[in-house]
Amino acid sequence: MLKIQHLTKMYGNKKAVDDLSLHICPGEIYGFIGHNGAGKTTTLKSVVGILQFEFGEILIDGKSIVKNPLECKREIAYIPDNPDLYDYMTGIKYLNFVSDIYGINEKDRNELIHKYSDIFEITGDLAQPIAAYSHGMKQKLAIISAWIHSPKLIIMDEPFVGLDPKASHLLKGMMREVCDNGGAIFFSTHVLEVAEKLCDKIAIIKGGKLIRSGTVEEVKGDDSLEEVFLELEVE
Ligand SMILES: Nc1ncnc2c1ncn2[C@@H]1O[C@H](COP(=O)(O)OP(=O)(O)OP(=O)(O)O)[C@@H](O)[C@H]1O
């Protein structure tokens, strides 16, 4: 589903991501963890075609994000770490705007918008301008807009930040559902308990380099993920 091969991304002379390779298969929830400044956001933004990179290749369902950006973007959704949406739009206008971009017909979009807005309990807020939304409400809107075109691969940067416990629980269920239906999820988090319980596989990045990856069991062995992470950080 997603192949990252030898990704290297520079900011000036600084190597933010250094020869990183990862393979994410259909059905997998893949967690991406690392210290502040480790290179997670840079990797995720490179994967979704927002950042250009110096070396390496990124393939989504066999297609290169560099050579076939539009085809790739039809198959993916990206939720950034900060839900900076269009403040002047109402929630419903934003969801229709995203639906238009992906060519979702009226019947399907209405069904999905109703379904997810009801689940996240923001149906009554959709007529409000996004400027009036709390951080968590914006995050819910960003999640709904990501799910609206039924993407095969969903990339999320710190998706649980700002969500209340009920919304976090719902999102975890939605992530699992995507994977049960043959999709895949790649997301960053600092919440190691979430990563440990939710993910099928985990990658740990440190100073731009991938230092551990595999199934949760392979990565953590008999210890907790927190113990393993903290040990790797001091090495
Ligand atoms: N636009 C930029 N220009 C220059 N350096 C940058 C830029 N964006 C990020 N960096 C640097 O690249 C490195 C990786 O940053 P990145 O945002 O990918 O880390 P991160 O793992 O997502 O961190 P966090 O957990 O704090 O979100 C850091 O050293 C950061 O200072």
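**Entry 1: Ile 144**

I looked up the contacts of Ile 144 first. Leaving out residues up to four places away in sequence, Ile 144 touches Leu 95, Ile 113, Tyr 116, Ser 117 and Phe 120. I note here that the model is a predicted one.

Next I asked which residues touch the most other members of the largest nonpolar core. Ile 144 is on that list, together with Leu 2, Tyr 30, Ile 155, Ile 185 and Phe 186. The core holds 67 residues. Helix α5, residues 135–147, supplies the largest share of this core, with seven residues.

**Entry 2: Ile 76**

I moved to Ile 76. I found it in strand β6, which covers residues 76–79. Is Ile 76 buried or exposed? I counted 24 C-beta neighbours inside 10 Å, so Ile 76 counts as buried. The cut-off for buried is 20 or more.

Then I listed its contacts, leaving aside neighbours within four places in sequence. Ile 76 is in contact with Val 48, Ile 60, Pro 151, Leu 153 and Ile 155. Ile 155 I had already met among the residues that touch the most other core members.

I also checked one pair of C-alpha atoms. Ile 76 and Lys 152 are 76 residues apart along the chain, yet their C-alpha atoms are separated by 6.0 Å.

**Entry 3: the ligand shell**

Which residues are around the ligand? I wrote down Tyr 11, Lys 14, Ala 16, Gly 34, Asn 36, Gly 37, Ala 38, Gly 39, Lys 40, Thr 41 and Thr 42. Two elements, β2 (14–24) and α1 (40–47), each give two or more residues to this shell. Helix α1 gives the most, with three residues.

I sorted the shell by residue type. Three residues are nonpolar, six are polar and two are charged.

I turned to backbone angles. Most residues other than glycine have a negative phi. I picked out two residues that go the other way.

Glu 121 has a phi near 55°, a positive value in a residue other than glycine. I placed Glu 121 in the loop between α4 (106–119) and α5. It has 14 other C-beta atoms within 10 Å, so it is partly exposed.

Glu 158 also has a positive phi, near 50°. Where is Glu 158 found? I traced Glu 158 to the loop between β7 (153–157) and α6 (165–180). With 19 C-beta neighbours inside 10 Å, Glu 158 counts as partly exposed.

**Entry 4: the whole chain**

Last, I stepped back to the whole chain. How many helices and strands are there in the chain? I counted nine helices and ten strands. The radius of gyration is 18 Å, close to the 18 Å that the globule rule gives for 235 residues, so the chain is as compact as a globular protein of that length. Along the principal axes, the C-alpha atoms fill a box of roughly 50 × 40 × 35 Å.

I looked at burial too. Of the 235 residues, 40% count as buried. For contacts, I took those between residues at least 6 apart in sequence. Among these, 71% join residues at least 24 apart.

In an unreviewed entry, UniProt places the feature "domain: ABC transporter" at residues 2–232. That span is 39% helix and 27% strand. Its end C-alpha atoms lie 26 Å apart.

Key
Residues are numbered from 1 along each chain as its sequence is written. This is a predicted model: local features need pLDDT of at least 70, side-chain atom pairs count only at pLDDT 80 or more; totals for chains, interfaces and linings use all residues. UniProt positions are given in the numbering used here, feature names are shortened, and annotations may be inferred rather than shown by experiment. Helices (H or I, at least four residues) and strands (E, at least two) are DSSP runs, numbered from the N terminus. The radius of gyration is taken over C-alpha atoms; the globule rule is 2.2 Å times the number of residues to the power 0.38. A residue is buried if 20 or more other C-beta atoms lie within 10 Å of its own, exposed if 12 or fewer, and partly exposed in between; C-beta atoms are placed from the backbone. Two residues are in contact if their C-beta atoms, placed from the backbone, lie within 7 Å. A residue is near a molecule or strand if its C-beta atom, placed from the backbone, lies within 6 Å of it. Ala, Val, Leu, Ile, Met, Phe, Trp, Tyr, Cys and Pro count as nonpolar, Asp, Glu, Lys and Arg as charged, and the others, Gly among them, as polar. A nonpolar core is a set of buried Ala, Val, Leu, Ile, Met, Phe, Trp, Tyr and Cys residues joined through C-beta atoms within 7 Å.
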